[in-house]
Amino acid sequence: MKRYLFSIILGLCTLGILCTYYTYGASDHLPAYKLVTVQGDPKEGAGIELYGNYRGIGSESLSVNMEGSKYRSRETFRDQLLSVQSWRNSSEGMGQLFQDYRQFMRSKLDPNGFYKDNEWLIYAKTNIGSGQSSKKQFQLHIDLLNRKTNEEKKYVTEIPTDSTIDNIYVDDVQRINDQLHILIMQGKMDESSLYFDFVLDMKSGVLIEGKQVTHWKNSANKDIKFEVRSLSNDIAPNGYMVFLVHENKVTSRGDYSNFAVHRYAYSYRTGKLFALPDSKPKFDPNTPYYLESNSLVYANFDENAIQLSRNNLDTGVEERDYVKIEASELGVDEIQSFVLTHNRVNILSQKGSTHLVVILEASNGKTLYVGQVAYEGPETERDKEMGLLRLYSLNIRETAS
Amino acid sequence: MNRYLKLVHMEIHRFRYILASLMAVTMVCQFSSFILTIKRAIAFKAKNGMDYDDIGLPDILTFPWVILKTKEWFILPILLSVTVLVLYTILIWYRDWFGRSTFIYRLLMLPSKRWMLYVSKLTAIIMFVFSMIAFQLVLLVGENMIFKAMVPAELRADSTFVEAISMNDALKILLPKQFEQFIYYYGLGIIAVMVIFTAVLLERSFRRVGVLYAIAYFAGCVVLAVYPVSFLRMDEYWYPNEIYGMQLGVCLLVAVISGCLGCWLLRKKITV
């Protein structure tokens with residue numbers, strides 16, 4: 001026994017030290033925070049996720065929601081791998097689809113390619129065909145799922161496009177009666193992208209027509225460069241698509257500065273593209289937008305106030321500043337960040353060292369929910385720990401329904 | 001069981017001087033740089049006044065700050081220890097063949113199961129790794145005590161052990177915060193040791209051709225082990241929880257194949 005003393009001591013000490021460390025020493029003692037409801041229905045705040053840093057000795061990234069706080073430094077290999085799931089759920093309604101139609105949703109990742117209504121779940125993607133010709137042939141792969149009968153259908157349709165293009169994507173999918181409208185974005189290097197609406201028969205997948213929707217092209221005159229952004233309503237049905245056309249001017253330093261933003265709406269029903277009124281003062285290129293049914297909601301904001309305006313896409317009427325949300329009315333020092341979602345304005349604000357979340361109805365500015373980030377620990381440490389917390393942004397994650 | 005423990009003890013005994021040397025080098029490097037950094041900081045404060053602000057020198061000294069300032073001297077001995085242990089993973093077999101009086105003949109002639117040789121050597125390597133980790137933890141406790149003894153109370157602030165570890169990337173990998181992550185890191189390490197053992201036994205069994213088998217086996221295991229997270233993830237067909245399950249399954253498969261193949265080679269292919 002004495003002979004083996006060295007090995008026995010080494011083994012026991014090693015085991016003892018490692019067990020002690022992981023039982024008592026490995027705890028990081030980082031403070032816990034939680035979003036608590038102050039006013040309104042807690043369900044409204046269930047999807048809110050706040051992001052920021054805890055500035056103790058080092059800086060620790062964290063997120064806070066109604067369930068508590070999560071520190072990035074505590075993530076394991078499993079957390080990192082499974083966090084891809086939350087990326088898949090980033091678009092509104094996607095998380096529920098992955099839960100409800102697990103098999104159909106395999107390999108379908110692009111949120112722009114989805115369409116969902118009460119009867120159908122549709123996914124479209126582009127592909128380069130393998131024809132015998134040396135010219136590139138582009139195909140549309142459409143997968144349809146009848147949500148009532150669970151019947152699946154697939155078809156592949158070749159679409160006539162310029163074979164010299166460098167990239168091609170599905171930007172939106174809509175169903176209008178028995179026709180599928182697939183809005184395709186295609187572009188070449190150094191040229192702005194062009195949008196095409198390909199109309200397919202839903203039963204057979206036969207291409208009925210394909211028409212060019214946008215015409216803004218970067219010309220040889222390199223002084224002005226167009227940049228086109230599209231705004232869809234995620235996976236929900238909508239008769240319109242809105243385009244934001246940024247006109248960028250080349251500066252003396254050689255980079256681009258934005259000098260105008262024009263807005264256009266395209267109606268899938270009529271096939272017409274029309275300009276929306278250019279508001280004064282000049283549009284901020286970072287203006288947040290939200291498209292819902294026939295209404296385009298947008299916001300002008302600073303740290304003291306948010307003004308909501310909207311365009312009725314059916315009538316073309318614009319209502320400027322129909323809702324004004326002021327920091328003083330909310331009882332906060334400053335508005336830090338906000339997100340426009342389904343008829344909601346979700347605001348992250350700060351009052352002293354306290355972070356507040358306010359959710360308002362976008363149609364009338366009525367307060368639906370007020371939440372506060374609270375420290376979960378001894379009251380004596382509250383002020384110190386709240387002072388070390390910095391929250392910068394908020395996001396809406398999907399909650400299980 | 002008794003024979004297995006005797007074999008483990010024998011392996012530990014044979015490595016005791018190298019292990020002690022690694023521990024001594026680690027201790028000398030870390031303690032000396034740690035003490036010098038504290039001395040310099042205190043001397044600077046004494047010369048320029050307690051409130052003198054200098055870039056990189058905080059008003060109040062903390063244990064994590066000293067760890068941050070001495071990180072190179074922590075990382076170097078850790079890298080040295082890792083290199084020696086990886087090399088010894090191969091040498092633990094070859095020293096039996098090429099050492100004095102071809103010790104492997106005596107080992108293979110022992111009246112115990114041959115798989116015990118494989119398992120005892122694996123246990124010994126795991127013991128060496130974990131004892132170095134435990135020693136690092138003891139050193140950190142010692143360094144914290146030195147910090148408290150050297151820095152006056154009005155010049156220092158308390159901090160947690162984990163805050164100090166988080167200041168050094170090498171320590172963060174060696175001692176992850178979550179026990180689950182510890183299992184992943186060291187589980188993967190143990191599988192890697194098993195793959196190397198089996199590759200060495202392939203070479204010992206088939207000699208020249210065995211070198212090719214060993215290289216092919218090692219490469220095959222690496223590809224298989226990284227396949228789910230590297231390639232299936234890009235495929236986008238699989239859901240993350242399925243990839244996670246496959247990754248665990250594949251690692252387990254590599255471990256089982258390596259263990260079984262290694263023991264089979266020892267039993268059937270290596271002759272004396």
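Predicted model: local features only at pLDDT ≥ 70, side-chain atom pairs only at ≥ 80, totals over all residues.

Author: A residue counts as buried here if 20 or more other C-beta atoms lie within 10 Å of its own C-beta. By that cut-off, 7 of the 9 residues of β10(A) are buried, so this strand is mostly covered.

Strand β10 of chain A covers residues 179–187. It belongs to an open sheet of 4 strands in chain A, in the order β9-β10-β11-β12, and the pairing is antiparallel. The edges of the sheet are β9 (167–176) and β12 (207–212), each of which pairs on one side only. From one strand to the next, the twist averages 20 degrees.

In that order, β10(A) comes between β9(A) and β11(A). Its pairing with β9(A) is antiparallel and runs over 9 bridges. Its pairing with β11(A), residues 194–201, is also antiparallel and has 8 bridges. A second pair facing β11(A) is Gln179(A) opposite Asp201(A).

How does the strand compare with its chain as a whole? Chain A has 6 helices and 25 strands. Of its 401 residues, 28% are buried, whereas β10(A) has 7 buried residues out of 9. The C-alpha atoms of chain A fill a box of roughly 85 × 65 × 55 Å along the principal axes. Counting contacts in chain A between residues at least 6 apart in sequence, 47% join residues at least 24 apart.

For a residue elsewhere in chain A, take Asn53(A) in strand β2 (residues 48–55). It has 16 other C-beta atoms within 10 Å and is therefore partly exposed. Leaving aside residues up to four places away in sequence, Asn53(A) touches Ser59(A), Glu60(A), Ser61(A), Leu62(A) and Arg390(A). Between Asn53(A) and Arg72(A) there are 9.8 Å from C-alpha to C-alpha, although the two are 19 residues apart in sequence.

The surroundings also include chain B. In the contact between the chains, 33 residues of chain B meet 30 residues of chain A. The elements of chain B that each supply at least two residues to its side are α1 (2–48), α5, α6 (161–165), α8 (179–235) and α9 (240–269). Among these, α5(B) gives the largest share, 7 residues. By class, the side of chain B that touches chain A has 18 nonpolar, 10 polar and 5 charged residues.

Helix α5(B) (residues 115–150) packs against helix α1(A) (residues 5–25), with the axes 9 Å apart and an angle of about 55 degrees. The two helices are therefore oblique to each other, and their crossing is left-handed. From α1(A), the residues involved are Leu10(A), Gly11(A), Cys13(A), Thr14(A), Ile17(A), Leu18(A) and Tyr21(A); from α5(B), they are Met127(B), Phe130(B), Ser131(B), Ile133(B), Ala134(B), Leu137(B) and Val138(B). Sorted by class, this contact of α1(A) with α5(B) has 11 nonpolar, 3 polar and no charged residues.

Helix α5(B) also has a partner within its own chain. The axes of α3(B) (residues 71–98) and α5(B) come within 11 Å and cross at roughly 170 degrees. An angle over 145 degrees counts as roughly antiparallel, so α3(B) and α5(B) are roughly antiparallel. Ser81(B), Leu85(B), Thr89(B) and Ile92(B) of α3(B) meet Lys121(B), Ile125(B), Phe128(B), Val129(B) and Met132(B) of α5(B). This contact has 6 nonpolar, 2 polar and 1 charged residues.

Terms used: Residues numbered from 1 in each chain as written. Chains lettered and ligands numbered in written order. Axes fitted to C-alpha atoms, helices over the stretch in contact; angles between N-to-C directions. Parallel < 35°, antiparallel > 145°, perpendicular 65-115°, else oblique. Left-handed = near helix turned anticlockwise from the far one by under 90°. Contact = placed C-beta atoms within 7 Å. Nonpolar A, V, L, I, M, F, W, Y, C, P; charged D, E, K, R; others polar. Pairing = 2+ DSSP bridges. Buried ≥ 20, exposed ≤ 12 C-beta atoms within 10 Å, placed from the backbone.
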